[in-house]
Amino acid sequence: MFSNRGEIVVKAGGRQWAALAVLVLPVLLISVDMTVLGFALPYLSEDLAPTGTEQLWIVDIYSFMLAGLLVLMGTLGDRIGRRKLLLAGAVAFGVASVLAAFATTPWLLIAARALLGIGGATLMPSTLSLIRGIFTDPAQRRTAIAVWGAGFSGGMALGPVLGGWLLEHFWWGSVFLINVPVMLVLLVAGPLLLPEARDPKPGRFDPLSAVLSLATMLPIVYGIKLFAEHGFGVKAVVSVLAGAGIGVVFVRRQQVLADPMLDLALFRNRSFSTSVVTNLLGVFSLTGLLFLVPQYLQLVLGLRPMVAALWLLPTTVAGVAGALLAARLARRIPVATLIGVGLLIAAGGFAFLLGLGADSGLAALVAGFVLVSLGIALSETLTNDLIITAAPPERAGAASAISETGFELGGALGTAVIGSVATAVYRAGVPESAGEAARETLGGAAATVSGDLLHTAREAFVNGLHVTAVLGTVLLAYTGVQAMLLLRRRREPAEVAG
């Protein structure tokens, strides 16, 4: 049933939690897909022999399509129905997974990965917005979002472990085929357990706004990727500026439309705008660290990939615990305080990383990463709740899409900015006598030099990690204090009675 504002009214019970279990499935798979490909790259490269450019597109096209289409798909779900969009996305995701698994050329794999990104863009905002409608009780909703976030964190850490196991027993396409049975379960259980919800008065759809939103996001994400891979360059700057310019046109069009695709009034709500920025900065810090830590474990400490992945499992447990703990603590402690404390815990985790060395530091790394994962999961569970409750129920899809877009941008920026800072420090610490390959990456140094030069390269990489640890500490501490100050006087949104 629906209220007169388009809200789903579902009585609390087992069916409600069964629906949540169904909604966690696609989130788990999307996060697995974000990390599993890295392990399969050497195998598919040997089989398909892609060029360097083709390999970059195989990796990047998924995140391009995901980031570029989230706002459009979130708005589309509000119009045609969030469950309908979720199930359509499941079909696309399943078909794309099969195409990717059996791709015979690099460009077929690129096309399949693009379709995976389109499917993922329909799944992410649909799951979070449906949770907003199914769980109208604030405490239950926070618990549901905590479980949703735990599924995402678990999937990101499960990806490397699952990928390593599959590649030891099967061919590289198996990392994509694991999506198919899960999507089949979603297609069967979704119509039975998930209620439909949409904006009862969506207004007229504007195709030009859809084109402008895509034309805004794709160049910006592409420019950030170029910056991460090649540093500051003309092509990266032009790409970002072009996307930003089109974004200005998009925003102005939304301001004059009677039925805008993106309701900019959402950003006037302090809870909404502060939570979106807090999420972006939290993910920015976390993904920058995720970019560097596997290299430290494998290239500095010399751990095998599977062993390195297993050492990261405690961070997954911490992320799940932080998400679930947030829902319980929010019953007794003000939300603004919890968000700030979570980010300060994460800042303390970054400070632990200053204890890393070129010859030791595994304990400091695990302890620091556990604190980072715990604190960010704690804060982001609550900010996601604020984002989807600050928006009117009929705009839940659009609000969720904005939250996910901020997540994607934060991830892309984290890899680009933090990765570039670490690379600059690394290059400054490796002498020119080591050769250009060794000065480019630590992997290049491991392949081309040995002895004292390799040890120097490892120390330079650790110095880069130390600099990023200081940046992460300062940024998260600032973000935590800012969140506490801006959110402590927020007004609780009115809840719809069940």
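Visitor: How many residues does H13 have, and how far does H13 reach from its first C-alpha to its last?
Guide: H13 has 18 residues and reaches 26 Å from its first C-alpha to its last, which is close to the 26 Å expected at 1.5 Å a residue. The expected span of a helix is 1.5 Å times one less than its number of residues, and helices here are DSSP runs of H or I with at least four residues, strands being E runs of at least two, numbered from the N terminus. This is a predicted model, in which local features need pLDDT of at least 70 and side-chain atom pairs count only at pLDDT 80 or more, while totals for chains, interfaces and linings use all residues. Residues are numbered from 1 along each chain as its sequence is written, and side-chain values use heavy atoms, with hydrogens and water left out.

Visitor: Which residues of H13 are buried?
Guide: The buried residues of H13 are Val335, Ala336, Leu338, Ile339, Gly340, Gly342, Leu343, Ala346, Ala347, Gly349 and Phe350. Buried means under 20% relative accessible area, exposed means over 50%, and partly exposed lies in between, with a 1.4 Å probe and protein chains only.

Visitor: And the chain overall, how many helices and strands are there?
Guide: The protein chain has 18 helices and zero strands, and buried residues make up 54% of its 498 residues. Of the contacts with a separation of 6 or more, 83% are accounted for by residues 24 or more positions apart, where contact means heavy atoms within 4.5 Å.

Visitor: Where is confidence lowest, and where highest?
Guide: Confidence, given by pLDDT as the predictor's value for each residue from 0 to 100, is lowest in helix H2 (residues 52–80), at a mean of 73, and highest in helix H13 (residues 335–352), at 91. Over residues 1–12 the pLDDT is below 50, although the model gives this stretch 35 contacts beyond near neighbours in sequence. Residues 491–498 also stay under 50, with 12 contacts beyond four places in sequence. For the protein chain the mean pLDDT is 78, and 88% of the residues reach 70 or more.

Visitor: Why is H4 described as largely enclosed?
Guide: H4 is largely enclosed by the rest of the structure because 24 of its 29 residues are buried. Helix H4 (residues 106–134) reaches 42 Å from its first C-alpha to its last, close to the 42 Å expected. H14 is likewise largely enclosed, since 22 of its 29 residues are buried, and helix H14 (residues 362–390) reaches 41 Å, close to the 42 Å expected.

Visitor: Is Gly414 buried or exposed?
Guide: At 0% relative accessibility, Gly414 counts as buried, and its place is in helix H15. Beyond four places in sequence, Gly414 is in contact with Phe284, Thr287, Gly288 and Gly419, and its C-alpha is 5.5 Å from that of Thr287, 127 residues away in sequence.

Visitor: Changing topic, which residues lie nearest the centre of the second largest pocket?
Guide: Met217, Leu262, Phe267, Thr405 and Leu409 lie nearest its centre, among the 20 residues that line it. A pocket is an open set of points on a 1 Å grid over the protein atoms alone, where a 1.4 Å probe fits, with protein on both sides within 12 Å along at least five of seven lines, and lining residues have an atom within 4 Å of a point.

Visitor: Which element gives the most to that lining?
Guide: H9 gives the most to the lining of the second largest pocket, with five residues.
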